[in-house]
Amino acid sequence: SELRGSLAPRLTPVRLPLDNMKISLYLRVFMAMACMLACRASMVEFGHSLRKYWNFDSNTTYFQHGSYGVTPKQVLAAAASYATIAETNPNQWMTSEDEGYRKYIGDARAALARIVNPPRGAQDIVLIENASGGINGILRSLGLEQGDVLLILSSAYEPFLNLYEWLEKTLSIDIVTVPLEWPLAGNQYVLDGWTKYAQQVAADPKYANKRKVAIMSHITSYPAVVMPVNEAVAIGRENGFTVIIDGAHCLGNVKIDLTEMDPDFYFANGHKWLYSARGSAFLYVKPQYQDANEPTVVDSIGDAFVDRFVYTGTRDYVPFVTINDAIKFRNKVLGGEDAIMAYNHQLATDGGAYLAKLWNTAVMAPPEMMQMSITSVALPIKEKNSTECNAAAAALKNMGMVVGGPSDAVADAGVPCFVRLCAQVYLDMDDFKKVGAIVTGTLSKLRA
């Protein structure tokens with residue numbers, strides 16, 4: 001009462017003749033100010049100050065987040081906690097719907113569904129170990145037979161190419177490859193080639209009664225560019241293809257909207273860009289394919305698609321569980337998906353432009369294909385000079401970078417020697433400048 005009395009003179013209400021329109025206006029102004037203050041409070045200073053959340057040693061400038069990811073300390077601590085819970089009662093952890101890992105992965109699937117927007121929500125998403133498991137499981141479940149055909153790009157991920165070649169040898173399926181010349185000219189260039197080869201396959205009488213499968217990376221690996229997957233899905237379907245999109249590099253890197261994209265299959269890793277523990281990924285399967293789709297290890301038998309993926313033998317399910325903790329870390333510590341992607345995309349764009357100008361070379365695709373957290377820049381090396389390319393790769397190895405080409409495989413595809421750099425919240429432009437100086441210095445010494 002004393003407090004109320006002391007404040008009473010300050011809180012004496014003032015009656016204003018406000019109509020509904022003015023009240024609405026004042027409320028909007030108030031809400032805008034409140035939002036601005038909240039946004040300021042949640043702003044994160046990206047760059048080197050965030051290295052404290054990871055376990056990097058002082059000599060590491062890590063640009064290779066896109067290969068294996070780097071799990072933050074908080075997510076690692078959560079993983080250790082789950083492992084301890086599992087060991088206190090292994091039977092409960094492995095079998096209980098309410099106390100074991102099954103409860104947590106249900107939460108993880110729901111959280112992922114909110115991010116990637118599948119048409120029917122979490123019921124169309126299951127958790128798998130990695131993208132390789134995704135593509136292997138899909139192609140096996142499709143029941144490919146002799147004479148069926150795969151349509152792929154020449155930029156396909158090399159381990160996936162190994163799988164396609166194995167299928168070609170063992171099942172006598174056909175592989176039709178859309179060739180790409182680097183640097184790429186743009187989205188339309190890719191779509192023109194994709195359409196041309198899809199139409200040729202569709203018109204070929206020998207494939208009239210055969211299964212036709214089209215596979216495209218949402219983000220290619222080497223060099224890294226964002227492909228026009230929405231349009232590619234539509235083109236594939238128009239020509240009678242089952243369409244698989246490899247999103248290995250996408251979750252936590254670019255926006256994914258499965259409802260808008262409408263692929264038949266889509267998979268993406270969590271451990272690359274989302275910050276979950278290594279060995280965590282998701283697989284989306286369109287409802288019409290779910291009855292036939294099985295995990296790579298068939299252990300659980302059930303009518304429901306999700307049930308068949310819940311238990312795939314005695315293994316460590318903790319990485320799946322950490323998807324929840326990775327998403328919480330991104331939201332609470334780093335300001336959420338939009339803030340993370342905005343910083344990483346801008347850093348990749350600015351860093352790529354800086355290096356291309358410094359070296360008088362080019363980014364490997366136009367801006368419309370580079371809206372992501374990775375940049376790929378041609379090195380200032382004469383075509384097919386493997387000595388210089390290898391020297392640059394050795395100099396940059398400790399910084400965790402992929403330096404590609406020229407080898408016989410990539411030279412055939414017109415890929416020059418390039419460097420792939422992954423922007424991340426713990427890096428800044430000084431790190432890109434360091435890359436530029438190392439390459440320039442290395443090549444100057446080699447050419448002296």
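Leaving aside neighbours within four places in sequence, E388 is in contact (heavy atoms within 4.5 Å) with I381, K382, L443, L446 and R447. The model is a predicted one, in which local features need pLDDT of at least 70 and side-chain atom pairs count only at pLDDT 80 or more, while totals for chains, interfaces and linings use all residues. Residues are numbered from 1 along each chain as its sequence is written, and side-chain values use heavy atoms, with hydrogens and water left out.

E388 lies in helix α16, residues 386-396, where helices are DSSP runs of H or I with at least four residues, numbered from the N terminus. With a relative accessible area of 9%, E388 counts as buried, since buried means under 20%, exposed over 50% and partly exposed in between, for a 1.4 Å probe and protein chains only. Its side chain makes a polar contact of 2.9 Å with the side chain of R447; such a contact is a pair of N or O atoms within 3.5 Å, of which, within protein, one must be able to donate a hydrogen and the other to accept it, and residues adjacent in sequence count only if both atoms are side-chain atoms.

G133, in helix α7 (residues 131-141), is by contrast partly exposed, at a relative accessible area of 24%. Not counting residues up to four places away in sequence, G133 touches I128 and T296, and the C-alpha atoms of G133 and V297 are 9.6 Å apart in space although 164 residues separate the two in sequence.

Elsewhere, Q74, V75, A78, A79, Y82 and A83 in α4 meet V318, V321, T322, D325, A326 and F329 in α14.

Methods:
Helix = DSSP H or I, 4+ residues; strand = E, 2+ residues; numbered from the N terminus.
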